[in-house]
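Hi everyone, thanks for coming. Let me walk you through a structure that may be new to you.

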Amino acid sequence: EARRVILYSNHVISDTDDLIDVLNEIRRSSLFYKYKDKDFYEKLCNQLQELENKLVNDTGKVIEDEHYVEFTKAVNQDIEHIYDTIMNKYIGKQR
């Protein structure tokens with residue numbers, strides 16, 4: 001849901017705060033794993049941070065349409081990787 005809020009208007013990306021808040025909440029919620037499965041925790045936190053960096057770096061900047069298409073693909077791919085990491089942990093799959 002937070003992903004859908006992101007707005008691209010007049011060549012500027014905005015409204016990324018909701019998604020950044022969700023990423024931070026996932027980070028806080030996964031803190032348990034810092035002590036029980038450090039590899040999983042670090043992998044997840046790295047993925048969360050990479051996505052947050054993309055959001056912060058491109059928010060508010062004037063960009064071309066082609067860059068926005070690339071941005072959208074990268075954000076969607078990062079979200080899929082985060083989901084995969086969480087689901088693989090949930091089902092006990094090692095990656």
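The protein has four helices and two strands, where helices (H or I, at least four residues) and strands (E, at least two) are DSSP runs numbered from the N terminus. Starting at that end, the order is β-β-α-α-α-α. This is a predicted model, in which local features need pLDDT of at least 70 and side-chain atom pairs pLDDT 80 or more, while totals for chains, interfaces and linings use all residues. Residues are numbered from 1 along each chain as its sequence is written, and side-chain values use heavy atoms, leaving out hydrogens and water.

Along the principal axes, the C-alpha atoms fill a box of roughly 45 × 20 × 20 Å. Of the 95 residues, 32% count as buried, meaning under 20% relative accessible area, with exposed over 50% and partly exposed in between (1.4 Å probe, protein chains only).

Now to helix α3, residues 38-58. How far apart are its end C-alpha atoms? They are 30 Å apart, which agrees with the 30 Å that 21 residues should span at 1.5 Å a residue; the expected span is 1.5 Å times one less than the number of residues. Buried residues in α3 include Phe40, Leu44, Leu48 and Leu51. Among the elements covering the buried residues of α3 are β2 (12-14), α1 (17-29) and α4. After α3 comes Gly60, with a positive phi near 85°.

Last stop: Ile91, which sits in helix α4 (residues 65-91). Is Ile91 buried or exposed? Ile91 is exposed, because its relative accessible area is 57%.

How values were computed:
Contact means heavy atoms within 4.5 Å.
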